[in-house]
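I opened the notebook to go through this chain step by step. My notes follow, one topic at a time.

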Amino acid sequence: GDSPRFWLCVRGTSPSYLRSGFMAVCSTAKDLVFDVADVTGDSRPDFIVDGTWNWYYTYNQMTYVKEGDGTLQMTGTFSSNTNPIYLNGGLVEVAGGNVFPATTDFISNGGGLSVASGYSCSVNSLTLTDDSPLAVPANATLTFADMGDWTPGKILSITAPKHTPVRLCAA
């Protein structure tokens with residue numbers, strides 16, 4: 001039958017790279033799932049994606065989903081997207097300027113978001129539905145215009161250098 005998802009899976013024992021960007025044309029709503037295994041066995045990226053990602057559609061935009069225990073490092077730029085990005089496992093690491101549009105919403109279902117040193121990321125919101133990590137090292141910034149909805153009892157674990165102010169504000 002017709003699957004509601006497109007899968008991009010990373011497996012093996014060394015990192016994978018996609019350097020040419022990506023363009024998808026779809027006439028029905030689909031998810032694009034990045035299923036990234038932890039092939040490096042450490043904190044280094046397991047799948048590195050640069051180039052521009054464009055989505056062309058006639059019905060609806062795709063939804064991005066990050067699954068697997070590995071790290072998906074984004075260095076290119078995403079075209080505008082009105083659907084949220086689901087963080088279901090591992091990390092999505094921002095390692096480029098303006099990777100995600102400022103209108104991007106993240107829904108964290110146990111997956112995390114990080115920003116590489118020397119970069120910044122400003123997006124719309126973070127919704128927390130399960131315990132999730134957030135990493136912002138020295139010389140990096142991560143800004144959310146809105147904190148979204150947080151499921152009671154779930155924990156956002158923030159990693160930042162010593163003496164780095166971390167502010168979470170709820171309206």
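**Entry 1: the sheet.** I looked up the open sheet and found seven strands in the order E2-E5-E8-E11-E13-E15-E17, paired in parallel. Two strands pair if DSSP finds at least two bridges between them. Strand E2 (16-18) and strand E17 (156-159) stand at the edges with a single partner strand each, so one side of each has no neighbour in the sheet. On average, neighbouring strands of this sheet are turned by 15° against each other, direction ignored. For such angles, axes are lines fitted to C-alpha atoms, and angles run from 0 to 180 degrees between N-to-C directions.

I noted the ground rules here. This is a predicted model, where local features need pLDDT of at least 70 and side-chain atom pairs count only at pLDDT 80 or more, while totals for chains, interfaces and linings use all residues. Residues are numbered from 1 along each chain as its sequence is written, and side-chain values use heavy atoms, with hydrogens and water left out.

Entry 2: Which strand does E15 join through four bridges? Strand E15 (residues 132-135) joins E17, and the two run parallel.

**Entry 3: strand E4.** I checked burial next (buried means under 20% relative accessible area, exposed over 50%, partly exposed in between, with a 1.4 Å probe and protein chains only). In strand E4 (residues 31-36), five of the six residues are buried, so the rest of the structure largely encloses this strand. Strand E1 (residues 5-10) pairs with E4 in the parallel sense over six bridges. There, Trp7 has Val33 as its bridge partner. E4 also runs parallel to strand E7 (residues 63-67), joined by five bridges. Asp35 stands opposite Glu67 in E7.

**Entry 4: aromatic rings.** I searched for pairs of Phe, Tyr and Trp rings (centres within 6.5 Å; planes under 30 degrees apart are stacked, over 60 edge-to-face, the rest tilted; Trp by its six-membered ring). The count came to one aromatic pair. Phe100 and Phe106 form this edge-to-face pair, at 5.3 Å centre to centre with 90° between the planes. Both Phe100 and Phe106 are buried.

**Entry 5: whole chain.** How many helices and strands does the chain have? I found zero helices and 17 strands. Both are DSSP runs numbered from the N terminus (helices H or I, at least four residues; strands E, at least two). Of the 171 residues in the chain, 44% are buried.
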